[in-house]
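User: Could you walk me through how to read salt bridges and overall shape in a protein model? I would like the general idea and then the case at hand.

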Amino acid sequence: MSATREASSPPKNPAENRPVVTRFAPSPTGFLHIGGARTALFNYLFARHHGGKFLLRIEDTDRARSTEPAIAAILDGLGWLDFDHDGEIVYQFERAARHAEVARELLANGNAYKCYATAEELEEMRAAQRAAKAPLRYDGRWRDRVAGPEFDNQPYVIRLKAPREGSVTINDRVQGAVTVANAELDDMVLLRSDGTPTYMLAVVVDDHDMGVTHVIRGDDHLNNAFRQLALIRAMGWEEPVYAHVPLIHGSDGAKLSKRHGALGVDAYRDELGMLPEAVENYLLRLGWGHGDDEFIDRAQAIQWFDLAGVGRAPARFDLKKLENVNGHYMRLADDARLVALVTPRIAAAIGRNLTAADQDLLLRSMSGLKIRAKNINELADSAIFYLRTRPIPIDERAASLLTPEAGDLLAQVHRDLVVLDSWTTQSTEAAVRAIAESRELGLGKLAQPLRAAVSGSTTSPGIFEVLEQLGREESLGRIADAIQLAKGKQ
RNA sequence: GGCCCCUUCGUCUAGCGGUCAGGACGUCGCCCUCUCACGGCGAAAGCACGGGUUCGAUUCCCGUAGGGGUCACCA
């Protein structure tokens, strides 16, 4: 139990006495990016920690920018990360009638009013404010004006009649007490002239109707919270607990956005070869801490997660650390699962589908491969040599090891291995070590050319392990190929 | 520009008035060793600055600087 913000700002919000309900509410205008994924994670963890509900709402009220593929991408991303939500997905646009109903209710009880100002008129207003270096905000020109008959058939928007005096304080669970003067807020549009709700109206109504108790979202919504609160109060509804989480920045410190280095979670999976549990762990540690703990799995995270542990400062995204975390989870991952992940990548690289025997070979070799890779791409690359057909390609560095002298050594290796009764890691190692000893050479002098011959590269899992997995015939064949190659250099 | 938020090693963070300022990634060195990894050991590296408050500030308060967010009939 920590005794910080939570204790210093005693829970006095009635919403905290209700069972926890959180929600993730992405707008489907693009992929699920890393910041959204973290917001989803925090909401998910908070709900699960408290045994509450984690709801999902698609904010598709912007008909022009919302797309089906974006919705699919977001659901795909959430599914990959395994953030299972409770209840049905709420599509905000389908609730437009309910939103309009609330706007009319506000209008009826005098907490909202019709504004007939045209877009051009408002632009003029802002231009004048800019010229006067005054803050840009709606001046309330229709706040107390009664429309004459000449406006009977004119389009209008409904604006909230927000308080102009005093100030509002939000007891944010992450940012602490934040106060803004009402004079800083203008009368926001609730219902557009075409009768559709704005985001401000929709979120408030939906959060209320869905029973959301804790609004956990990006810091970029902190300012919105004050306007939303005015609306909530006008309706006489219970206020949710707010927690505004700092944004994630790129490695250069600038805001991570779609045009600035932000990738969809699908790219972390497909292009960077990350495991979902690694992305989750990394994201959890980005902006949240629990003492010195670094590797925290799902169950542990649910047990430990709290809002008090969320930091107040924006964090920079560090791919190097993500890769380190990923490497950790790859080492922990089930071998068969890794084979499945690596199979399509290898198939693409070698231009053919893998047989059951291929997959079995990969499975047997996986323990030696996975400790050497930081992501699935590297894992696939490092495994390809097992499945090459002779003569296998030899890379430049490996080729340079295959000198005529190395050819002689390999010839003896071939002679001594071909007569072996059993073909195991132990038997081949013993044979090669015997050669090294008789020639008074370090094992490396033999192992490296052997590695070049068998793997086509200068790095690989333990060479005797490789020999065993590859089998006697294939191994000896590759060695013979290399001897030919080395001789050809004379 | 107005308003709001933020500021501990390069990066992510621990720290809740008295600590040799801890851990992790990254970097460098050593060990292990058939290569590369893994693993182990070690090193360099930080409280943005200035004022207060206090016996004592990384920690509390106020400024300054820097960074970020937000100011639509987008979400």
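Predicted model: local features only at pLDDT ≥ 70, side-chain atom pairs only at ≥ 80, totals over all residues.

User: Which residue pairs with D209, and how far apart are the closest N and O atoms?

Analyst: The partner of D209 is R95, and the closest N and O atoms of this salt bridge are 2.6 Å apart. Sequence position is worth a look here: the pair links distant parts of the chain, 114 residues apart. D209 sits in helix α6 (residues 199-209), while R95 is in the loop between β3 (90-91) and α4 (96-108). On accessibility, D209 is partly exposed at 32%, and R95 is partly exposed at 21%.

User: What about D187 and R143: which parts of the chain do they tie together?

Analyst: The side chains of D187 and R143 meet in a salt bridge at 3.0 Å, N to O. D187 belongs to the loop between β7 (176-181) and β8 (189-191), and R143 to the loop between α5 (119-131) and β5 (157-160), so their bridge ties together parts 44 residues apart in sequence. Both residues are buried.

User: Which residues are joined into one network by salt bridges that share partners?

Analyst: The network takes in R23, R57, E59, R95, R98, E101, D206, D207 and D209. Over the whole structure, the search finds 37 salt bridges.

User: How are the positive and negative charges placed on average?

Analyst: Chain A has 59 positive and 68 negative charges, and their mean positions are 3 Å apart.

User: Now for the shape. What does the radius of gyration of chain A look like beside that of a compact globule?

Analyst: The comparison is with a compact globule of 490 residues, which would have a radius near 23 Å, whereas chain A has 32 Å. The C-alpha trace spans about 105 × 50 × 45 Å along its principal axes. Chain A contains 20 helices and twelve strands, and 49% of its 490 residues count as buried.

User: How much of the contact pattern comes from residues 24 or more positions apart?

Analyst: Among contacts in chain A with a separation of 6 or more, such residues account for 77%.

Key:
Residues numbered from 1 in each chain as written. Chains lettered and ligands numbered in written order. Heavy atoms only, no water. Helix = DSSP H or I, 4+ residues; strand = E, 2+ residues; numbered from the N terminus. Rg over C-alpha atoms; globule rule 2.2 N^0.38 Å. Buried < 20%, exposed > 50% of the residue type's maximum accessible area, 1.4 Å probe, protein only. Contact = heavy atoms within 4.5 Å. Lys, Arg positive; Asp, Glu negative; His and termini not counted. Charge placed at Lys NZ, Arg CZ, Asp CG, Glu CD. Salt bridge = Lys/Arg side-chain N within 4 Å of Asp/Glu carboxyl O.
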